[in-house]
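Start with the overall form, or with single residues?

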Amino acid sequence: MWIYLKRILKSGWLNFKRSQVLSVITVFVMFLTISLLTFIFIFKGASDFLLYSLEKKIDVSVYFKEGVSEEEILKTKDLLLEIQGVKIINYVSPAEALAKFKERYKDDDLIAKALEEAGDNPFLASLNITASQVLDYESIAKLLGESRFEGLVSNVDYFQRKPVIEKFFSLKNSLEKTGLVAALILAMIAFSITFVTIRLAIYSSSEEIGIMRLVGASNWFIQGQFIVQGIICGSLAILIALLVFSALSYLLSSRLVDLTGGFNLFNYFLGNFFNILALQVLTGAGLGIISSLVAVRKYLEK
Amino acid sequence: MIKFQGVNKIYPANNFHPEPTEALKDISFEIKEKEFVLIAGRSGAGKTTLIKLLIGEEKPTKGRIFFNFEDDQGITRNLEVNKLKRKDLPELRRHIGVVFQDYKLLPRKTVFENVAYALEVVGAQDPQIKNEVPKALRIVGLEERSNHFPSELSGGEKQRVAIARALIHRPDLIIADEPTGNLDPYHTWDIIKLLLKINELGETVILATHDQDIINNLEKRVISLEDGKLIKDEKKGKYII
């Protein structure tokens, strides 16, 4: 058994080495497929990061009436946390709100003067709420509109922010859906091109396959060497793709951090290295093996 | 060793032949071990079809084909070739060495590798391959060309490689289908002498040819085919077509 395996490996390697043009074309097409899938993977990571960053900036604030105690506000916070979809609630006391405001407008003399004239702290205590979906924000607004909160809540800014919130979530949903469909279509096209390339490469060996059969080689002995050849092409394509993406992610990382507001491409690449490698191995080796098997089988059955 | 019993082969109609073609009609004969048999006939007489049936590349429409040989354990086996399944064909072919008019060499393998391939598929050990391939190449006079690729050889040399590959695994039978069809007279006799030498060493040889000189000079058994029919089977035959 071992001797057959050794011969299959050797024949696969020699076929790869001696069919230079075909091997280069196959490696190149497989490299393109693997690169495309890797790009889709990284692009998804970047778009998730961007959407998450934007999502974090979308929130509603509940302003409490003057004189409502901190204890009552925190009780309301606990009640709100029970609503499904509520992600984060931050309590902002009037003092904190004032401090933040002062910090933001520290260079604006006009505002500083206006604050001085106002005398007391004009800010109300508030809760900043972040949720997962538009409907969650609606549930929050609905709950706070109930009569039991009448004495506590001064204002919920959901209705002012509603159009922006709805637009963001609709954009997010359509991006996710179209992104998935586009990724699937691109992946299918890439798969088909690689599949056809490998089949064409094996088509050129159809006569050889016939000769091997006439000499008495078993089907798996013949198939084996073409599978090995496919695996070698796939592995080489993976290696090149890894090198290219490592270099590109390293070189483009700092520019992308500025462009996306913090997405570090190189860190993302390193952090997901094994996922990316698994995706590439599955694509490269999988495509190499399956298309070789299908193509050789066709000529073995002739 | 070989027995054809009432064999017919009809190829169905296709784009080139609107009517079904009857390539072989009621063929019956026997070949004994160590015989040298010539299958003679014009192009299209049915010689190649007969060989294809014997190596299991085609199935007869009617009739039976038997092939008798000793397996690796030394047990005599009688295969009914027409009943073999695809997966059983490699075993049959390992007991037959075939030489074709168009050589059928593997273009991406060297002369050495082409000959060694016939041993590799039967699971021969590496030392045996290293020992026997040069011997076979010496017999066909190509020891010096062992590292060349088929594209670097002449027609006669290619055919000698094909013969070395056919005999390397010591098959029970060697079939040569028009092996000299692409060669000049000098190389033709080179190849025929080789086949005679192989026969003298104890191999059964079937040589399909339409070459009058070869048939008349060899004085061997001749099975003559015409339009798919066996018209003559003589012990020391002559060209009659």
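Two strands count as paired if DSSP finds at least two bridges between them. The model is predicted.

Q: Which residue in the turn between strand 4 and strand 5 of chain B has a positive phi?
A: Strand 4 of chain B and strand 5 (residues 76-80) of chain B run antiparallel and share five bridges. They form a hairpin, with five residues between them. One residue in that turn has a positive phi of about 80°: G74(B).

Q: What is the bridge partner of F66(B) in strand 5 of chain B?
A: Pairing needs at least two bridges. Strand 4 and strand 5 of chain B have five. Within strand 5, F66(B) is bridged to E80(B).

Q: Which residue of strand 4 of chain B is the bridge partner of F4(B)?
A: Strand 4 of chain B (residues 62-70) also pairs with strand 1 (residues 2-11) of chain B. The sense is antiparallel, over five bridges. In strand 4, F4(B) has as its partner I65(B).

Q: What is the radius of gyration of chain B, and what would a compact globule have?
A: Chain B holds seven helices and 10 strands. Its C-alpha trace spans about 50 × 40 × 40 Å along the principal axes. For 241 residues a compact globule would come out near 18 Å, and chain B agrees, with 18 Å.

Q: Is chain A more spread out or less spread out than a compact globule?
A: Chain A has 11 helices and four strands. The globule rule gives 19 Å for its 302 residues, but the radius of gyration is 31 Å, so chain A is more spread out than a compact globule. The principal axes of its C-alpha trace give the spans, about 100 × 40 × 35 Å.

Q: What percentage of the residues in chain A is buried?
A: A residue needs 20 or more other C-beta atoms within 10 Å to count as buried. In chain B, 44% of the 241 residues qualify. In chain A, with 302 residues, the figure is 26%.

Q: What share of the contacts in chain A between residues at least 6 apart joins residues at least 24 apart?
A: Take contacts between residues at least 6 apart in sequence. In chain B, 65% of them join residues at least 24 apart. In chain A the share is 85%.

Q: Is F263(A) buried or exposed?
A: F263(A) sits in the loop between helix 9 (219-260) and helix 10 (265-271) of chain A. Its contacts beyond four places in sequence are A46(A), F49(A), L50(A), L256(A), V257(A) and Y268(A). The C-alpha of L50(A), 213 residues away along the chain, is 7.8 Å from that of F263(A). F263(A) has 21 C-beta neighbours inside 10 Å, so it counts as buried.

Q: How many C-beta neighbours does V29(A) have inside 10 Å?
A: V29(A) belongs to helix 2 (residues 20-57) of chain A. Beyond four places in sequence, V29(A) contacts I193(A), T194(A) and T197(A). V29(A) counts as buried because its neighbour count inside 10 Å is 22.

Q: Which element gives the largest share of the side of chain B that touches chain A?
A: The contact takes 14 residues from chain A and 15 residues from chain B. On the chain B side, helix 2 (89-93) and helix 3 (111-120) of chain B each give two or more residues. That side divides into seven nonpolar, two polar and six charged residues. The largest share, three residues, is from helix 3 of chain B.

Notes
Residues are numbered from 1 along each chain as its sequence is written. Chains are lettered from A and ligands numbered from 1 in the order in which they are written. This is a predicted model: local features need pLDDT of at least 70, side-chain atom pairs count only at pLDDT 80 or more; totals for chains, interfaces and linings use all residues. A residue is buried if 20 or more other C-beta atoms lie within 10 Å of its own, exposed if 12 or fewer, and partly exposed in between; C-beta atoms are placed from the backbone. Two residues are in contact if their C-beta atoms, placed from the backbone, lie within 7 Å. Ala, Val, Leu, Ile, Met, Phe, Trp, Tyr, Cys and Pro count as nonpolar, Asp, Glu, Lys and Arg as charged, and the others, Gly among them, as polar. The radius of gyration is taken over C-alpha atoms; the globule rule is 2.2 Å times the number of residues to the power 0.38.
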